[in-house]
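Biologist: I have not seen this structure before. Please take me through it in questions and answers.

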Amino acid sequence: MIEIESLTKSFGSKQVLRGVSLRIERGESLVVIGGSGTGKSVLLKCILGLVTPDAGLIRVNGAPVAQGREDFLSRFGMLFQGAALFDSLSVWQNVAFRLLRGPQKRPKAEARAVAIEKLARVGLGPEVADLFPAELSGGMQKRVGLARAIATEPSVIFFDEPTTGLDPIMSGVINDLINSVVREMGATAITITHDMSSVRAIADRVAMLHDGLIRWHGTIADMDTTSDPYVTQFIHGRAEGPIAAIR
Ligand SMILES: Nc1ncnc2c1ncn2[C@@H]1O[C@H](COP(=O)(O)OP(=O)(O)OP(=O)(O)O)[C@@H](O)[C@H]1O
Ligand SMILES: [Mg+2]
């Protein structure tokens with residue numbers, strides 16, 4: 001469904017992506033792992049067109065995204081790493097953002113009902129619907145961001161660190177939600193996470209980004225048996241290994 005070929009991106013003299021190639025099949029749940037600052041968020045932003053790559057090709061359903069970006073964007077959902085809620089909108093208006101305007105516009109009462117239903121999916125009750133983002137805890141903001149990402153039932157969803165900052169029980173709720181979005185709704189998902197229990201719970205396939213390239217990819221079973229020192233250092237959280245602790 002999504003093919004990324006030889007993608008490069010630098011910021012000034014810093015080469016972040018040095019030729020990333022990756023394929024994501026329709027209905028697949030791909031998890032991207034990798035050290036902090038390796039370019040995982042930049043990679044997602046390139047796919048979405050929020051960051052312009054220097055070179056390389058991104059195809060969606062066989063067509064380069066430059067043509068047909070509008071169509072692609074209307075079918076995707078995105079959870080940003082920092083939740084990125086609109087401060088001046090209430091919780092339900094954030095969740096229903098795309099249901100209140102544009103091609104997917106619905107009557108206000110209906111949009112609000114959908115928002116409340118999606119909030120329930122992320123473990124938030126209707127009492128938070130009329131609060132503003134500043135009145136929520138960090139974990140609650142993240143969950144509102146998740147509810148917004150799934151509000152239009154998109155066929156492609158990107159989750160950037162969906163469980164970071166959540167307690168273990170809530171992380172389990174979010175892992176189940178991601179699985180149900182993929183398994184029941186048939187969505188294609190790309191998730192970035194450092195949370196190894198989340199990787200195990202949601203990944204069909206894992207790709208590791210290191211030094212601007214996809215260093216390794218495989219299934220969870222492959223991950224557990226690989227001798228790749230970068231992967232083993234990462235999944236066991238060892239300070240010693242080929243991945244430098246200072247970067
Ligand atoms: N808009 C930008 N302008 C300049 N540099 C940027 C920009 N966006 C990202 N970078 C740089 O690109 C590198 C990769 O950033 P990115 O956010 O993709 O890391 P990440 O792998 O998502 O890390 P983390 O796990 O900490 O979220 C960093 O060195 C960052 O400083
Ligand atoms: Mg990031």
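Biologist: How far is an oxygen atom of ligand 1 from an N or O atom in the side chain of serine 36?

Modeller: This is a predicted model, in which local features need pLDDT of at least 70, side-chain atom pairs count only at pLDDT 80 or more, and totals for chains, interfaces and linings use all residues. Residues are numbered from 1 along each chain as its sequence is written, chains are lettered from A and ligands numbered from 1 in the order written, and side-chain values use heavy atoms, without hydrogens and water. A polar contact is a pair of N or O atoms within 3.5 Å; within protein, one must be able to donate a hydrogen and the other to accept it, and residues adjacent in sequence count only if both atoms are side-chain atoms. For serine 36 and ligand 1 the distance is 2.5 Å.

Biologist: Which residue has a backbone N or O atom 2.9 Å from an oxygen atom of ligand 1?

Modeller: A polar side-chain atom of lysine 40 lies 2.7 Å from an oxygen atom of ligand 1. The backbone atom at 2.9 Å from a ligand oxygen belongs to valine 42.

Biologist: Which element gives the most residues to the shell around ligand 1?

Modeller: Helices (H or I, at least four residues) and strands (E, at least two) are DSSP runs, numbered from the N terminus. Strand S2 (14-24) and helix H1 (40-48) each give two or more residues to the shell. The most, 3 residues, come from H1.

Biologist: Which protein atoms are the donors of the magnesium ion, ligand 2?

Modeller: Donors are N, O and S atoms within 2.8 Å of the metal (3.2 Å for Na, K and Ca); water is not among the atoms, so sites may look incomplete. The two residues are 40 apart, with serine 41 in helix H1 and glutamine 81 in the loop between strand S6 (76-79) and helix H3 (91-95). At 2.1 to 2.2 Å from the ion, the donors are Ser41 (OG) and Gln81 (OE1).

Biologist: Is serine 41 buried or exposed?

Modeller: Buried means under 20% relative accessible area, exposed over 50%, and partly exposed in between (1.4 Å probe, protein chains only). Glutamine 81, at 40%, counts as partly exposed. With a relative accessible area of 18%, serine 41 is buried.

Biologist: Which residue caps the N-terminal end of H9?

Modeller: Helix H9 (residues 229-236) is mostly covered, with 6 of its 8 residues buried. A side-chain oxygen lies 2.7 Å from the backbone nitrogen of tyrosine 230, and the capping residue that carries this oxygen is aspartate 228.
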